[in-house]
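Thanks for coming. I will start with one residue and then turn to the whole chain.

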Amino acid sequence: MIRVAQIAPNIFPIPPTHHGGTERVIHDLSTALRSLGVEVTLFAPSDSATHLPRIGSYPSLAALERRYGTVAPGVPAALDALQLEALRLRLDDFDIVHGHGEFAHAALLGERRRRSLTTIHWRVDELDRALFFEGFPDLPVAAISAAQQGGIPAANRAGMVHHGIDRDRYAACLAPGHYLAFVGRMTDQKRPDTAIRVARAAGFPIRLGGTIDVGNPGYFDRAVRPLLGDDAVYLGPVDDAAKGALLSGAAALLFPIDWPEPFGLVMIEAMACGTPVIAWNRGSVPEIVEDGVTGFVVSSEDEAVAALARIGEIDRAGVRRRFEERFTAERMARDYLALYRRLLAA
C-alpha cells in the first residue's frame with residue numbers, strides 16, 4: 001500500500017465552505033485515492049470538517065480572520081511553517097509527499113524531492129514560479145492542464161492531470177430555467193461584468209455567485225455593482241448546495257475569463273449538472289470545453305451572444321455524459337496514482 005501525505009494550503013478548511021476550488025480538489029482527490037487502496041493522510045487546518053485522517057493543530061487563515069477581523073501579513077507564512085514542521089517530524093511515515101501549496105515544502109524535502117509531487121493550482125508564467133523552478137530543477141511538478149504545462153520547465157514536468165470532482169455531488173438537470181449563471185471570484189480575471197453585458201445583449205437574466213476578491217476588493221464596487229439590477233442579481237458566496245441549484249437550473253454557464261486560466265473548476269461543475277459552458281478561449285478552456293458538444297469556445301462578447309442563440313443545440317444529457325467520462329474524481333485519482341508509482345519506480 002502506498003502511503004501519501006497530501007499537503008493542503010492553510011487558507012481555507014478542507015473541504016471548503018464557499019470559495020476554495022483548490023481545497024475542493026484536494027479533498028475529492030484524497031477521498032478517491034483511499035477508495036483505490038492508497039493510505040492518505042491530509043495535512044490541513046484544524047477547522048477542517050473531513051472524514052480523512054488529518055494532521056494539523058492550527059486553524060485556517062479564514063478562521064483566524066473571522067476570529068480577529070484582520071491578521072498581520074506574516075500570519076500565512078507562520079501557518080505554513082507550522083504545518084511543514086508537523087510534516088518534517090513525520091516524513092518517514094510516507095512514500096510520497098504531494099504538495100498543493102506554494103514553495104517552502106521543496107526546501108524541506110531535500111533529497112526526498114524526487115519522491116514527491118507538487119501540483120500548482122495557479123498560473124505559472126510569473127516571476128515567483130520562474131525563480132521556484134530554477135531553484136528546484138529536481139522537483140516533480142504535475143500540471144493541471146496542457147496550457148499550464150507549457151509554462152513548466154521540462155526538467156520539472158512529471159505529467160499532466162486534469163481536475164475531477166465527486167461524481168455524485170451534482171445531478172444533471174435536463175429542463176433548465178431561462179437564466180444564465182456566473183460562478184467565480186468577483187475579479188477582473190474572471191470578468192463578471194462581461195458576463196452581465198453578454199447576458200443582457202442575448203436577452204437573458206443572469207445570476208452571479210462568488211466571493212468578492214480580497215486581493216482586488218474595489219473591482220466589485222467599480223465594475224460590477226453598477227451593472228446589477230432585476231435582470232442581474234448577485235447572490236454572494238455559494239456553498240455546494242446553492243452552487244448546484246444555481247448551475248443546474250441555468251441555461252448555460254458564462255465563463256468570460258481574462259487571464260491564462262490554469263484549469264477552471266466551475267466549468268466541470270456545470271458539466272456535472274448537464275449545463276453547457278460558454279467560455280473564452282484562454283488558458284485551459286479549449287481542453288475542457290468541447291466546442292459544440294459541452295458548450296462553445298468563443299473569443300469575444302459578440303461571439304458569446306451568437307453562441308447563446310445556439311444553446312438549444314447542446315444535448316444536456318450528453319454534457320453530463322462527457323463529465324462522467326472525463327472529469328470525475330475517480331479518474332483524477334487513477335491518473336495521480338500512476339504518477340506516484342512512476343516516481344517510486346524511478
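Leaving aside residues up to four places away in sequence, Thr22 touches Pro9, His100 and His121; touching, or contact, means heavy atoms within 4.5 Å. This is a predicted model, in which local features need pLDDT of at least 70 and side-chain atom pairs count only at pLDDT 80 or more, while totals for chains, interfaces and linings use all residues. Residues are numbered from 1 along each chain as its sequence is written, and side-chain values use heavy atoms, with hydrogens and water left out.

Thr22 sits in helix H1, residues 21-35. Helices (H or I, at least four residues) and strands (E, at least two) are DSSP runs, numbered from the N terminus. Is Thr22 buried or exposed? Thr22 counts as buried because its relative accessibility is 19%; buried means under 20% relative accessible area, exposed over 50%, and partly exposed in between, with a 1.4 Å probe and protein chains only.

Now the whole chain. It has 14 helices and 13 strands. Its radius of gyration is 20 Å, close to the 20 Å that the globule rule gives for 346 residues, so the chain is as compact as a globular protein of that length. That radius is taken over C-alpha atoms, and the rule is 2.2 Å times the number of residues to the power 0.38. Along the principal axes, the C-alpha atoms fill a box of roughly 60 × 45 × 35 Å.

Of the 346 residues, 54% count as buried. Among contacts between residues at least 6 apart in sequence, 64% join residues at least 24 apart.
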